[in-house]
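These are my notebook entries on a single chain. I recorded what I looked up, entry by entry.

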Amino acid sequence: MLGLLSQIAFAQQFVTMLDSQSSTPIVDVMIQSLNSEKTVATDSSGRFDALIFISDDSIRVSHLAYETVIILVSEIKNKKIIRLKNKTLLQKTVNVTDAGYDNTTTF
């Protein structure tokens, strides 16, 4: 039984997604193979198992709040950590005005 547990432990190679500014883990980052149909999301610790992808594959790393990147799997297996940059969601100024409605909501 102990031998089986050690094989399972060695059969995983976790890579962690971190915010480039705060170094906090990022949950629910989508990692998708560009050459196959494999897709995985990071767990509550910002981790995913890189061994589900083949070494000569490229992956797309995407999250709504971060810039999308494409990385070779062979590069991430050596790094063990990927730092994602925040995406600028608003590029123009948005003005909110009262159109004469009776509004009781405060901001």
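**Entry 1: a bridge partner.** I began with Thr 16, which stands opposite Ile 81 in strand 7. I took helices (H or I, at least four residues) and strands (E, at least two) as DSSP runs, numbered from the N terminus. I counted two strands as paired if DSSP finds at least two bridges between them. Strand 1 (residues 14–19) and strand 7 are joined by four bridges and run parallel.

**Entry 2: basis of the notes.** The model is predicted, and local features need pLDDT of at least 70, side-chain atom pairs count only at pLDDT 80 or more, and totals for chains, interfaces and linings use all residues. Residues are numbered from 1 along each chain as its sequence is written, and side-chain values use heavy atoms, with hydrogens and water left out.

Entry 3: I traced an open sheet of three strands in the order 4-1-7, with mixed pairing. Strand 4 (47–49) and strand 7 (81–84) are at the edges with a single partner strand each, so one side of each has no neighbour in the sheet. On average, neighbouring strands of this sheet are turned by 25° against each other, direction ignored. For such angles, axes are lines fitted to C-alpha atoms, for helices over the stretch in contact, and angles run from 0 to 180 degrees between N-to-C directions.

**Entry 4: rings.** I looked for rings of Phe, Tyr and Trp (its six-membered ring) with centres within 6.5 Å, where planes under 30 degrees apart count as stacked, over 60 as edge-to-face and the rest as tilted. I found one aromatic pair. The ring centres of Phe 48 and Phe 53 are 6.4 Å apart and the planes stand at 70°, so this pair is edge-to-face. Phe 48 and Phe 53 are both buried (under 20% relative accessible area; exposed is over 50%, partly exposed in between; 1.4 Å probe, protein chains only). I also noted the charged end of Arg 47 over the ring of Phe 14, 3.9 Å from its centre; the rule asks for NZ of Lys or CZ of Arg within 6 Å of the ring centre and within 35 degrees of the ring normal.

**Entry 5: Ser 58.** I placed Ser 58 in strand 5 (residues 58–63). Ser 58 counts as buried because its relative accessibility is 18%. Leaving out residues up to four places away in sequence, Ser 58 touches several residues, including Gln 32, Asn 35 and Leu 72; contact means heavy atoms within 4.5 Å.

**Entry 6: whole chain.** I recorded two helices and seven strands, in the pattern α-β-β-β-β-β-β-α-β along the sequence. Of the 107 residues, 25% count as buried.
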